[in-house]
Amino acid sequence: MSTLELENVSKQFGAVSALEPLALRIADGELVCLLGPSGSGKSTLLRIIGGFEMPSGGKVLIDGADVARTPPEKRPTAMVFQSHALWSHMTVEGNVGFGLKLRGMKKPDITAKVGAALNMVGLGDYGTRHPAQLSGGQRQRVAIARCLVLEPKILLMDEPFASLDQHLRDRLREEVRQIQKKLGITTVFVTHGQDEALSIADRIVVMSMGRIEQVGTPAEIYTHPETPFVAGFIGDMNMMKATVQNGAASTGGIRFEAPIADGEALIAVRPEDVTLIPSQDGEGARVRRIVNYGAVLKIEAEAADGAVWKVQTLKDVPVTEGAYYRPAVSRHIIFRDDRAVHRVDPS
Amino acid sequence: MSATAMSLRNGWRGLAFIAIPVTAIAIFLFYPAALSIIGTLVRPKDGGGYTFSLQSYVFFFTDSYSLTNLGRTLWTTVVTLILLVAVNLPIALYMRFTKGTLATVIQALALFPMFVPGIIICYALIRYMGPNGWLQSLLNLVGFHHYASPHLTPWGPVIGLIWDGMPLTLLILISGLSNISDASIEAARDVGAGRLRILVSIITPEITHSLLIVSALNFLGIFGQALMPFMLGPTNPEMMGPFMLRTFASVRDPLQASTQATITFLICSLAGVAYVRSLARRPQEDRK
């Protein structure tokens, strides 16, 4: 039962600011994903929570106690590293039980706890093996068991599945989510994969250039991005420049309602919010490419003004390459000065 | 061409590729070494012909001077080996886990002896720590007049061999340490290990292979060392290297010199076997 609070946490590497002062509160049992591109500061923030980096300023509060200056070995946190970081000279049991041994636990108790942790990650029969005898997925399970066996207040995961193939990544992600829910352990999960974040997180913290861009549930982040960066980073998005005049803006062959002051703006539309209506040749947008993804089609259609629409439809919708369609948009967001200033959302 | 025929042809090409160096080693190394060893065991009889005899080995192992020399050589080897690891491991650890100008300077200083010929190292040591050398002069200047030079004591060769062996030891240890990822050290800290525990339980076992190589190569180099103890000056007892030289060149007893060489070779071959086993075992472990 633990909460994590970050108050004005910042980090400078020399003259470079890796993290601007930021605040975040993570509730007990919550799984929060830190999502952002390389260099956004997400791993630095995770390492500050874990004690591997000292913050330049601010507080890291776990259950109200400031641990910002506490070394990792004395923090109630445990981290799963991207590269497994198993000790090759130890068996699986040795790796998982090492932390318990350091805590002076008796051997029978260590054996019981290690066995339970390995069973939880599905490696009950692998205790006597060495890491070199395991697959990548099994190694990462051992790394997870090594953390869970210590019953940390906060579990930290630094892109734990980045080195695994897609199929294994999806499976392990689900397993981790189930274990996390079962144990109710507060978890901070770093990833640069938007699908991973959307599928696993209770809340997502989108980061860019050392700043938090937006915090919200996966649904909020996806449907109500607050900045163009979030809109463009999460999922596919049509981002079109337009000039607003008298409460409206035209781009890509569509006139958008824009009840804001006249001037430049950015209009964002999700591909699945665009419908293609058959039209006469030369009107609307010409379909120049269709890619079949099985259940859905991804279409590119070029409007007369040169704007290219990315459209996603169900595979049963009849669309022909080279034919003309009139795009219709059910939902859009208008950004100005890097903030969302108007939304049209039928839901 | 079938796959089998192609594989066979490639096999012959491979053998042809290594034939010249292997033949050269056999002719110029193994053959004279075998002749020398056989010469210590098969001796000419007075009336003509040859007989098997262990007389020269019996002499060596019953001669107190020879045994003392063997003991001194072993002592020098073991002490130098321990000190080499003790001196170089902290430097290698510092260089592995510290980045910056100081680490680069230390690395340059530690590797410097690699580029200095052994004979120069010997003279430098004599001029520095020998009687009336730099060290004694400097100590005199600060009022210390009881300096006893170690260069003709058992510690003379030890100091010289440490200086000589530092670069190789350091390079192998750094190579071993570079295989330990930062994440595995951080993972150990994360589960509660302090610095000493990390050194004992994580780093040392992870570099066992490098420590074995360092020990084996240095053992071979130090035990059979002739130049350093010879150049530093005559001692009593003496190391096997100068002992062999003197027995051969001054005493003019090639049989005893060959016997001493054979015994030295047999002891060194134990370290050689450990080295080869260590090399052979590592890839198998990696393949698991």
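## Chain A: two domains

Chain A splits into domain 1 (4-230) and domain 2 (237-344), with the bounds coming from an automatic or database domain assignment. Taken over C-alpha atoms, the centres of domain 1 and domain 2 of chain A are 39 Å apart. Eight residues of domain 1 of chain A and eleven residues of domain 2 of chain A make the contact (heavy atoms within 4.5 Å).

Before going on, a word on the ground rules: this is a predicted model, where local features need pLDDT of at least 70 and side-chain atom pairs count only at pLDDT 80 or more, while totals for chains, interfaces and linings use all residues. Residues are numbered from 1 along each chain as its sequence is written, chains are lettered from A and ligands numbered from 1 in the order in which they are written, and side-chain values use heavy atoms, leaving out hydrogens and water.

## Where the domains of chain A meet

Domain 1 and domain 2 of chain A bury about 860 Å² between them, with 52% from carbon and sulfur atoms. Buried area here is the accessible area (1.4 Å probe) that two parts lose on being put together, summed over both. There is one salt bridge across this interface, and A:Arg339 and A:Glu226 pair up in a salt bridge through their side chains at 3.6 Å, N to O. The term covers a side-chain nitrogen of Lys or Arg within 4 Å of a carboxyl oxygen of Asp or Glu.

The two domains of chain A also share four residue pairs in polar contact, both residues at pLDDT 80 or more. That takes a pair of N or O atoms within 3.5 Å; within protein, one must be able to donate a hydrogen and the other to accept it, and residues adjacent in sequence count only if both atoms are side-chain atoms. On the domain 1 side, helix α7 (residues 218-223) of chain A gives the largest share, three residues. Helices (H or I, at least four residues) are DSSP runs, numbered from the N terminus.

## Helix α2 of chain A

Helix α2 (residues 92-102) of chain A has these buried residues: A:Val92, A:Asn95, A:Val96, A:Gly97, A:Phe98, A:Gly99 and A:Leu100. Buried means under 20% relative accessible area (1.4 Å probe, protein chains only). They pack against α3 (107-120) and α4 (136-148) of chain A, together with α9 of chain B. Just after α2(A), A:Gly104 has a positive phi of about 75 degrees.

## Chain A against chain B

This contact draws 24 residues from chain A and 17 residues from chain B. About 1800 Å² is buried between the chains, 59% of it given by carbon and sulfur atoms. On the chain B side, B:Arg189, B:Asp190 and B:Val191 lose the most area to chain A, together 36% of what that side buries.

Two salt bridges cross between the chains; one of the pairs joined this way is A:Arg47 with B:Glu186, at 2.5 Å, N to O. Eight residue pairs are in polar contact between chain B and chain A, both at pLDDT 80 or more. As for secondary structure, α8 (182-190) and α9 (195-206) of chain B each give two or more residues to the side that touches chain A, and α8(B) gives the most, with seven residues.

## Chain B: its own two domains

Chain B is assigned domain 1 (15-53) and domain 2 (56-287), whose C-alpha centres lie 31 Å apart. Domain 1 of chain B puts six residues into the contact and domain 2 of chain B puts in seven residues.

Definitions and conventions
Buried means under 20% relative accessible area, exposed over 50%, partly exposed in between (1.4 Å probe, protein chains only).
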